[in-house]
Amino acid sequence: MKETDCEAVATAVQRVAGMLQRPDQLDKVEQYRRREARKKASVEARLKAAIQSQLDGVRTGLSQLHSALKDVGDIQRSLAGVSKDWRRSINTVESLRDVKDAVVQHSQLAAAVENLKNIFSVPEIVRETQDLTEQGALLQAHRKLMDLECSRDGLMYEQYRMDSGNTRDMTLIHGYFGSTQGLSDELAKQLWMVLQRSLVTVRRDPTLLVSVVRIIEREEKIDRRILDRKKQTGFVPPGRPKHWKEKMFAILERTVTTRIEGTQADTRESDKMWLVRHLEIIRKYVLDDLIIAKNLMVQCFPPHYEIFKNLLNMYHQALSTRMQDLASEDLEANEIVSLLTWVLNTYTSVEMMGNVELAPEVDVGTLEPLLSPHVVSELLDTYMSTLTSNIIAWLRKALETDKKDWAKETEPEADQDGYYQTTLPAIVFQMFEQNLQVAAQISEDLKTKVLVLCLQQMNSFLNRYKEEAQLYREEHLRDRQRPHCYVQYMVAIVNNCQTFKESIVSLKRKYLKNEVEEGVSLSQPHMDGVLDAIAKEGCSGLLEEVFLDLEQHLNELMTKKWLLGSNAVDIICVTVEDYFNDFAKIKKPYKKRMTAEAHRRVVVEYLRAVMQKRISFRSPEERKEGAEKMVREAEQLRFLFRKLASGSGEDAGSHCDTIAAVAEVIKLTDPSLLYLEVSTLVSKYPDIREDHIGALLAVRGDASRDMKQTIIETLEQGATQASPSYVPLFRDITVPSLNVAKLLK
C-alpha cells in the first residue's frame with residue numbers, strides 16, 4: 001500500500017508540474033482543481049458500481065450452489081429407491097421369458113400373415129416371370145422378379161431384425177424363394193445378349209435396348225438402397241449388390257474386343273494382303289459402330305452413363321491391344337508399313353476418328369497413341385533392316401536381269417527421243433519411288449531415312465554396275481563377234497548413266513525438302529563421279545571398237561601406198577560415220593565428249609603416222625603431192641567431224657588444222673625458210689618435242705645435217721608456254737626409237 005501511495009503521489013506531482021509550467025497558468029489553478037475533483041468523483045462512482053455488481057454476482061452464485069446441493073441430495077435418494085426396486089424385480093423378469101418368446105412368435109406370425117398372399121403366390125409368380133423372360137417381355141419379367149425379391153427380402157429382414165442368429169428360419173425362407181436367384185440369372189443373360197447385339201438392336205428395336213437400360217437402372221437404385229440400409233442394420237439380402245451397371249460395361253467392353261479380334265478373316269498363307277484387309281475391316285467397323293453409338297445409342301442411355309465416351313475408350317483400348325498383338329508378330333516389311341500407316345495416319349484421319357460425323361465428340365488431338373513410341377521405333381528399325389536387305393536383293397536381281405539383256409541378239413529399246421536405253425534405271429527408280437511413297441505415308445522422318453538408304457545402296461550398286469560394264473567390255477574384246485549388239489548395248493549403258501543422274505536429282509528434289517541431312521547432300525558428287533567414270537569407260541570402249549576397225553587403214557597413212565593413191569582416209573571417214581550413226585543414239589553430253597575424243601584421236605593417229613617416218617619424200621614434187629594430199633584429207637576429216645558434231649555449238653574440225661600445219665612444213669620448197677616454218681608450228685603447238693621435229697624433218701628428206709641441228713637447238717632455247725585452252729596432241733605421240741643423233745648422221 002505504501003508503494004502504491006508513493007507511486008500515486010509521484011504521478012500527481014508530475015501531472016501538476018506539467019500543468020503549472022508557465023506563470024499564466026497559476027490563474028487557472030482553481031479551474032484545474034474543479035476539473036480534477038469531477039474526474040475523481042466520476043472514477044469513485046464507477047468503482048462503487050463495479051463493486052456492487054461483483055457482490056450481486058457472488059450472492060447469486062451462492063444461492064445456486066445451495067439449490068444444486070439440495071437437488072443432488074434428492075437424486076441420491078431417488079437412485080437408492082430405484083436400485084431397491086430393480087433388485088426386487090429380477091425374479092419377475094425371469095418369469096416372463098415365455099411371454100417374450102410368445103411375443104417374438106406373434107411378431108413372426110404377424111409378418112407371415114401380412115405377406116401370406118405373396119408367399120402363396122410365389123410359385124405362380126415364378127412361372128409368370130419365366131414365361132415373360134422367354135417371351136422377351138423383359139420389363140414385365142423384371143417387375144415380377146422385383147416383387148419376388150421384395151417379398152423375400154422383407155421376410156428375411158424381419159427375421160433378421162427379430163433374431164439375427166436364427167439361421168434355420170433364414171435358410172427356410174431362402175429355400176422357399178430359391179428359384180428367385182435363377183430367375184435373376186436368366187434375366188441377366190437376356191440383358192447381356194441384348195447388350196452384346198446393342199449396335200444392331202439400337203437400329204432395329206431401340207425400345208428393347210431402352211428396356212434393358214431401365215432394368216439396369218432399377219437394379220442400381222435397389223443396390224444403393226440396400227447398401228444404405230446395410231450401414232444402419234448390417235442386413236444384406238442374398239445376391240446383393242448385383243452391380244449390373246458394372247457388368248453391363250464389362251459386357252460391352254468384351255463385345256468390342258471380340259468384334260475387333262474377329263475381323264481377321266485371312267492369314268498370310270491364304271492371302272498376302274491379309275493385314276491390309278484386316279485393318280480396312282477394322283476401320284470400317286469401328287467408324288460405323290461409333291457413328292451409330294453417337295447418333296442412336298446415346299439416346300437410349302441416361303446422360304450420366306456417358307455411353308459414347310465409354311464406348312470410344314473401349315474401342316481405343318481394344319484397338320491398342322490388337323495393334324500391340326499385331327506388332328509382336330513376325331511381320332514382313334510391307335506389313336510393317338501397312339500397320340504403321342494405319343496406326344499413325346489412318347486412325348486419326350478423316351477416314352476414321354477424324355471423320356466429320358464423329359465431331360465434335362471425338363477430338364483426335366486428345367487420343368492416346370495406339371502403339372507406344374518404343375514399339376513404333378522397334379518396328380521402324382525392323383522395317384529399315386528388312387528394307388535394306390530387300391533393296392540389295394532387288395538391285396542385284398535388276399542388274400542380273402539387265403546383264404542378260406546385254407547378250408541379246410536384238411537391239412535395245414529406244415526412248416521417246418530415240419536414245420538407246422535398258423530398263424535398269426526405270427526398274428531401280430520405280431522401286432525407290434514405291435518405297436519412298438510408302439515411307440511418306442508413315443512420316444517425313446522415315447521418308448528421309450529411306451531416301452538416304454536408297455542413295456547409299458545406289459552408291460554401292462553403281463560400283464557393281466561399273467565392274468559389270470568393264471567385264472562386258474573385256475569379254476567382248478576376247479571375241480569381237482560376241483555379243484552381236486555390243487555397240488548398241490554399250491551405248492545404252494552410257495545413256496543409263498545420264499538417266500541415273502537425272503533420276504537421282506529428280507528423286508531428291510521430290511522427296512527432300514532441304515538438302516541438309518547428313519549423307520544426302522554429299523552423296524550426289526560421289527555418284528556423279530562414278531556415273532561419269534562408267535560413261536567415260538563406256539565411251540572409251542566404243543571408240544576402241546572404232547579404232548580396232550580403223551587400225552589397218554591408219555597403218556596405211558604416210559606410206560608409199562598412201563602416196564600412190566590409197567583411199568585409207570575415205571574408208572576411215574566412212575567407218576567413223578557408220579559407227580557414229582549408232583553413236584547418235586548416245587545422250588548429251590556424252591555424245592559431245594565422244595565426238596570430240598574421236599576427232600582428237602583420229603588426228604593424233606594421223607600425226608603418229610607422220611612421226612613414225614613411214615615415208616621419206618625424195619623430191620619437191622613428192623613433198624608437194626604428199627602435203628597437198630594431207631591438206632585434202634585434213635579437210636575431209638574436218639568436214640566429217642563438223643557433220644558429226646552438228647548442233648553441238650563447237651568447232652569440231654579445229655584439230656584438223658594441225659595436219660594442215662604439218663603439211664605446210666613438208667610442202668615448203670625453200671629450205672632456208674624451214675626454220676621459220678618449224679618455229680611457227682612449235683608456237684602453235686607447244687607440246688611438240690625435239691623428237692617430233694626430227695621425225696618431221698626426216699619425212700621431208702631434204703634437210704641438211706647442220707640445218708637440223710640448228711633448228712632443234714634454236715627451238716630448245718625458245719620454248720613457249722601453252723595457253724590454258726590448248727588441247728595437247730603431240731604429248732600422246734611417241735616417236736620410234738630413232739633418236740636425233742641418228743637422224744643427224
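Tutor: In this predicted model, buried residues make up 42% of the 745 residues in the protein chain.

Student: What makes a residue count as buried here?

Tutor: Its relative accessible area has to be under 20%. Methionine 630 has a value of 0%, so methionine 630 is buried.

Student: Why is lysine 613 called buried?

Tutor: Lysine 613 has 19% relative accessibility. The cut-off is under 20%, therefore lysine 613 counts as buried. Lysine 629, at 13%, counts as buried too.

Student: Why is glutamate 332 called partly exposed?

Tutor: Its relative accessible area is 34%. Buried needs a value under 20% and exposed needs one over 50%, so glutamate 332 falls in between. Histidine 243 also has 34%, and is therefore partly exposed.

Student: Where are glutamate 332 and histidine 243 placed?

Tutor: Glutamate 332 is in the loop between α13 (307-328) and α14 (333-346). Histidine 243 is in the loop between α10 (206-233) and α11 (244-261).

Student: How many helices and strands does the protein chain have?

Tutor: There are 28 helices and zero strands. One of the helices is α18, residues 486-511.

Student: What makes α18 mostly covered?

Tutor: Of the 26 residues in α18, 21 are buried. From first C-alpha to last, α18 reaches 36 Å, which is close to the 38 Å expected at 1.5 Å a residue.

Student: Why are α22 and α23 called roughly antiparallel?

Tutor: Helix α22 (residues 590-611) and helix α23 (residues 620-644) pack at about 170°. Angles over 145 degrees count as roughly antiparallel, so the pair α22 and α23 is given that name. Their axes are 10 Å apart.

Student: Which residues of α22 and α23 meet?

Tutor: From α22 they are Lys591, Thr595, Ala598, His599, Val602, Tyr606 and Val610. From α23 they are Met630, Glu633, Leu637, Phe641 and Leu644. These residues divide into eight nonpolar, two polar and two charged.

Student: Why would residues three or four places apart in a helix point the same way?

Tutor: An α-helix has 3.6 residues a turn, so residues at that spacing point the same way.

Student: What is methionine 630 in contact with, leaving aside its neighbours within four places in sequence?

Tutor: Methionine 630, in helix α23, is in contact with Met558, Trp562, Tyr606, Val610, Ile659, Val662, Ala663 and Ile666. The word contact requires heavy atoms within 4.5 Å. Another pair to look at is methionine 630 and alanine 660: they are 30 residues apart along the chain, and their C-alpha atoms are separated by 6.7 Å.

Student: What is stated about phi for histidine 243 and lysine 613?

Tutor: Histidine 243 has a positive phi of about 55° although it is not a glycine. Lysine 613, in the loop between α22 and α23, has a phi near 55°, and is likewise a residue other than glycine. Most residues other than glycine have a negative phi.

Student: Which residues does the cis peptide bond join?

Tutor: The bond joins alanine 359 and proline 360, with omega about -5°. Proline 360 is in the loop between α14 and α15 (373-406). Most peptide bonds are trans.

Note on methods:
Residues are numbered from 1 along each chain as its sequence is written. This is a predicted model: local features need pLDDT of at least 70, side-chain atom pairs count only at pLDDT 80 or more; totals for chains, interfaces and linings use all residues. Side-chain values use heavy atoms; hydrogens and water are left out. Axes are lines fitted to C-alpha atoms, for helices over the stretch in contact, and angles run from 0 to 180 degrees between N-to-C directions. Helices (H or I, at least four residues) and strands (E, at least two) are DSSP runs, numbered from the N terminus. Angles under 35 degrees count as roughly parallel, over 145 as roughly antiparallel, 65 to 115 as roughly perpendicular and the rest as oblique. Ala, Val, Leu, Ile, Met, Phe, Trp, Tyr, Cys and Pro count as nonpolar, Asp, Glu, Lys and Arg as charged, and the others, Gly among them, as polar. Buried means under 20% relative accessible area, exposed over 50%, partly exposed in between (1.4 Å probe, protein chains only). The expected span of a helix is 1.5 Å times one less than its number of residues.
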